[in-house]
Amino acid sequence: MAGSGYGSAGPPAPSPRYRYLDLLFALLGTAAFLVDLVADLWVAASYMQAGHCLWGGLVLALLGLSSLAMQCFSWAWYRTDNIELELPSGRCLAALHLLQLGYLYRCLRVLRAGWRACRVETAQERDYAVFLSHDISMLRLFETFLEGTPQLTLVLSIVLHTNKLEPFQGLGIFTASLCVAWSLLDYHQSLRCFLLDKHELGPLSSTIYFLWNFLLICPRVLAVALFATLFPCYVGLHFLGIWAAMLLWVWLQGTDFMECPRWEWLYRATVAVILYFCWFNVSKGQTRQRSTIYHGFILVDSVLLAGSWLWHNAPLHERSFLLPVLLAALVCFVLGLLLRIAYYKWFHPTLQVQCQASYDEVDTAEGLAGFRAGPVPAPVNRRMYQLSQNHFLVSLQAG
């Protein structure tokens with residue numbers, strides 16, 4: 001099933017590689033998570049000490065909700081996966097997740113498995129390390145859009161509200177934006193792990209993928225932040241309305257990511273939050289129409305949000321600097337779309353795979369052109385493999 005981690009029948013063995021560089025990235029990712037956690041707590045405490053209890057409470061609420069969602073995903077995957085080695089007892093795992101330590105425990109397991117894979121270099125250790133790293137990549141993506149991106153929007157709205165930009169705030173906004181795009185790049189690279197070596201993400205395609213995500217997310221965050229400064233009481237209603245529409249859209253696409261139907265709704269709700277900020281493909285089929293509809297909708301919504309702020313604040317005497325910022329945001333959005341088109345026209349791996357159809361669909365999980373295959377079954381992360389099929393695979397049904 002979709003949520004199961006391993007079985008005799010299913011995706012082909014990915015024949016993964018795990019290098020010291022992968023171990024270094026895993027270590028840096030764990031350190032970044034801890035630094036980000038400490039920074040969030042410090043920011044919340046600073047807001048409350050300054051008398052801004054609402055701002056501090058919002059930071060803590062975002063931190064708590066994202067942590068709770070990550071623990072739920074982690075716990076559900078531990079319950080359904082059958083390849084975990086040397087796991088503690090069920091009660092110990094439950095206690096770790098109740099204490100909000102499940103994600104950190106996974107990070108430590110990845111470091112341990114990665115170190116063994118680099119030192120011992122056995123196929124089992126490599127497969128296991130790659131399997132765990134895929135789950136970390138997915139959880140990091142969820143954390144980014146459940147906590148990082150909303151908090152970036154909050155900080156930007158506070159700066160616009162106070163009309164004062166501290167140096168640490170500007171640096172924080174810039175680095176947070178890069179972290180959001182970087183988490184998408186890391187997720188995309190995890191998807192490409194299931195492709196043949198010649199289709200893996202190269203430096204040029206990595207740069208283009210990073211840039212178009214960065215250029216599309218930043219204008220969206222700016223538009224929401226501007227609307228939040230103007231109507232702080234209604235931005236929540238706007239989010240709930242768009243989120244509900246995206247949740248319905250994801251449900252209509254018939255996702256099958258989690259093994260348990262109840263946990264599937266948590267996945268759909270999380271994807272709906274991601275779609276509030278950027279595009280995320282969740283199902284096979286022709287994605288061009290869905291992507292066009294989505295980006296057109298987000299563009300109209302963002303223009304309405306920014307336009308309402310501009311109409312209410314015209315003429316811009318005290319904030320005249322924001323007019324060129326808005327124009328630059330529009331240029332960034334258009335440039336991001338152009339880079340996205342260029343990526344899928346010249347750098348998308350399905351273009352390098354011989355195919356006889358023009359839409360993404362999967363009939364079987366074995367013998368797929370362009371995907372790794374091996375004679376010996378290996379622990380394949382089917383969650384990431386399923387998303388990789390949705391994202392990359394061109395159907396061979398016509399053949």
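Helix axes are lines fitted to C-alpha atoms over the stretch in contact, and the angles between them run from 0 to 180 degrees between N-to-C directions. Helices themselves (H or I, at least four residues) and strands (E, at least two) are DSSP runs, numbered from the N terminus. The structure discussed here is a predicted model, in which local features need pLDDT of at least 70 and side-chain atom pairs count only at pLDDT 80 or more, while totals for chains, interfaces and linings use all residues. Residues are numbered from 1 along each chain as its sequence is written, and side-chain values use heavy atoms, with hydrogens and water left out.

The protein chain contains twelve helices and zero strands. Of its 399 residues, 51% are buried, where buried means under 20% relative accessible area, exposed means over 50% and partly exposed lies in between, with a 1.4 Å probe and protein chains only. If one takes the contacts (heavy atoms within 4.5 Å) between residues at least 6 apart in sequence, 78% of them join residues at least 24 apart.

Two packed helices are described by the angle between their axes and the distance between the axes. For helix α1 (residues 20-49) and helix α5 (residues 123-162), the angle is about 35 degrees and the axes are 13 Å apart. Their crossing is left-handed, a term used if the near helix is turned anticlockwise from the far one by less than a right angle. On the α1 side the contact is made by G29, D36, D40 and Y47, and on the α5 side by R140, E143, E147, Q151, V155 and I158. These residues divide into three nonpolar, two polar and five charged, with Ala, Val, Leu, Ile, Met, Phe, Trp, Tyr, Cys and Pro counted as nonpolar, Asp, Glu, Lys and Arg as charged, and the others, Gly among them, as polar.

Leaving aside neighbours within four places in sequence, F280 is in contact with M138, L141, Y187, Y267, V271, I274 and L275.

Rings of Phe, Tyr and Trp (its six-membered ring) pair if their centres lie within 6.5 Å, with planes under 30 degrees apart counted as stacked, over 60 as edge-to-face and the rest as tilted. By this rule there are 19 aromatic pairs. The ring centres of F210 and F214 are 6.3 Å apart and their planes lie at 5 degrees, so this pair is stacked. Because F210 and F214 are four residues apart in helix α7 (residues 203-230), about one helical turn separates them. F210 is buried at 18% relative accessible area, and F214 is likewise buried, with a relative accessibility of 18%. Elsewhere, ring pairs link F73, W77, F142, F257 and Y267 into a cluster.

L65, in helix α2 (residues 53-80), is exposed at 56% relative accessible area, and its C-alpha is 7.5 Å from that of L146, 81 residues apart in sequence. L337, in helix α11 (residues 322-347), is partly exposed at 24%. Not counting residues up to four places away in sequence, L337 touches L216 and H295.
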